[in-house]
Amino acid sequence: MIAAQSASYYSKQRLSILIIDRNPEPTIGKKTINGWVCGDAVGKNTVDYMTERIKIAWGNPEIEHPVKGVMAFSPDRETSIPFDGDGYMLNRQQLPQRQLRDAKKAGVNIQYSVALRGLIYENGTVVGVEGTNLVTNEPFKKTAKVVVDATGVTSMLRNGLSIKSKIERKIDRDDLESTGRHIMKFEQGIPDKTDFDPDYCIIHLDQDIAPGGYGWVFPKGKNKVNIGLGVQQKELIKRNQRLGAHDDVTKLINDYVKMNKAIKNPKLSDDPMDSNNVTGNWQVSVRRQNDCLVANGYMLVGDSAWMPKPLDAGGIGPAIVAATILGKNIVNAIEANDVSETGLWQYNIDFINDYGYKTAGLEIFRRLLQTLTNDQINYGMKHFLSKLDVEAISKGEHPDFGTVGKLGMMIRGALNKKLADGLRFTAQQNKVLTEHYYNFPKKPEGFDAWQKTLHHILDESYSKIEV
């Protein structure tokens with residue numbers, strides 16, 4: 001939706017733009033049969049990014065509740081880190097309706113109830129899409145100068161891309177988190193800002209509650225909450241073995257809700273504006289974005305490009321930034337009459353410069369965090385995070401952990417020495433990776449060598465972290 005509106009804005013509505021969605025109009029944008037399953041949180045800075053550039057502003061009811069930031073708590077709840085700054089809790093059922101009105105005003109055409117199956121090719125270039133009209137059951141085909149793929153993390157279009165391209169097709173299972181959440185109404189229980197705070201999104205780091213991920217309690221009002229968690233499958237298996245349990249994500253979520261003392265008598269939301277969206281599970285990518293975002297006549301954006309931030313799986317912010325950028329790139333390419341990989345290449349560079357430069361470093365940091373015990377997380381958050389590190393995290397950047405070196409012999413125990421080494425190492429690798437991303441090739445010809453170096457740095461990092 002944002003990519004379409006951005007292209008309309010930058011072309012002054014001179015382009016013919018079509019959005020294709022598999023849902024009928026009342027549920028446009030619905031991700032799964034369970035609804036628009038999402039954490040619903042987005043930073044104000046990314047919404048402002050969009051508003052400043054393409055003049056799209058959101059308000060009520062799509063913005064349901066403002067927040068002052070995110071608070072991450074250690075497993076023992078003794079240390080908290082504030083990050084991300086002002087933000088919004090969105091109502092994901094209402095947002096697509098707002099976007100639909102805006103898109104129609106911007107002269108964008110909409111095709112509902114079509115399930116896309118694949119791309120149409122001509123001379124090594126993507127020239128359209130094909131699928132099935134779910135109302136008439138007839139085949140659907142449409143040609144275009146450029147196809148923008150926003151069909152989600154398991155995109156059939158990307159997976160089946162059959163022209164020569166630098167785009168990665170498949171995601172590694174370990175780079176996915178299984179997540180789920182409920183939208184609930186509740187009565188006030190025991191007031192405790194580590195359990196619920198109407199002004200802050202709360203994150204709980206705890207390898208027993210949410211192995212390899214985290215639990216979240218995101219306020220949607222004084223008596224309404226988006227509550228859920230994400231896990232890495234590999235870490236969940238280890239956790240179950242460690243505790244002699246057989247828990248799945250749904251069981252973990254329900255246990256997490258029961259454990260929350262601030263939330264009394266929780267029930268799934270009965271708000272009409274949540275009617276198709278109260279509970280559900282989904283998969284989120286937690287790696288850097290796809291190494292290449294374009295092919296001849298084809299571009300990736302949002303979850304289909306694996307854009308959610310590796311550290312917290314937040315996907316709305318990077319998708320907004322990328323879609324805003326993409327509209328301008330697509331207009332420039334069509335006006336220059338070059339929608340080849342080369343003609344669309346600038347999108348890679350622009351996204352990296354505004355957001356993507358930090359994701360590979362965060363991916364390594366996330367991998368390190370997934371190897372830590374609760375005791376190590378408690379110790380690390382208490383002793384190793386300086387004010388500068390917290391500021392870096394709050395900007396969505398990789399912390400520097402400069403204090404770790406200064407602590408020297410004060411670090412207690414072999415496990416915490418190993419943690420200190422790990423933190424130092426990820427900070428050092430992050431500098432190398434950020435620099436490498438800023439040197440992303442200006443043309444496709446330099447990509448293979450750039451990617452080879454990237455994978456060398458990443459492989460070296462993973463093998464060191466997993467020792």
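Colleague: Which residue of β17 is the bridge partner of Gly-180?

Modeller: Asn-281 is that partner. This is a predicted model, where local features need pLDDT of at least 70, side-chain atom pairs count only at pLDDT 80 or more, and totals for chains, interfaces and linings use all residues. Residues are numbered from 1 along each chain as its sequence is written, and side-chain values use heavy atoms, with hydrogens and water left out.

Colleague: And in β15, what is the bridge partner of Gly-180?

Modeller: Leu-229.

Colleague: How many bridges join β12 to β15?

Modeller: Eight, with β12 and β15 (residues 224-231) antiparallel. β12 also pairs with β17 (residues 279-285) in the antiparallel sense, over seven bridges. Strands pair if DSSP finds at least two bridges between them; strands (E, at least two residues) and helices (H or I, at least four) are DSSP runs numbered from the N terminus.

Colleague: Is β12 mostly covered or mostly open?

Modeller: Mostly covered: 10 of the 13 residues in β12 (residues 176-188) are buried, meaning under 20% relative accessible area with a 1.4 Å probe, protein chains only.

Colleague: Switching to helices, at what angle do α10 and α14 pack?

Modeller: About 160°, with the axes of α10 (residues 359-370) and α14 (residues 414-438) 8 Å apart. Axes are lines fitted to C-alpha atoms over the stretch in contact, and angles run from 0 to 180 degrees between N-to-C directions. The two helices are therefore roughly antiparallel, a label for angles over 145 degrees.

Colleague: Which residues of α10 make the contact?

Modeller: Ala-360, Gly-361, Ile-364, Phe-365 and Leu-368. Contact means heavy atoms within 4.5 Å.

Technical notes
Parallel < 35°, antiparallel > 145°, perpendicular 65-115°, else oblique. Buried < 20%, exposed > 50% of the residue type's maximum accessible area, 1.4 Å probe, protein only.
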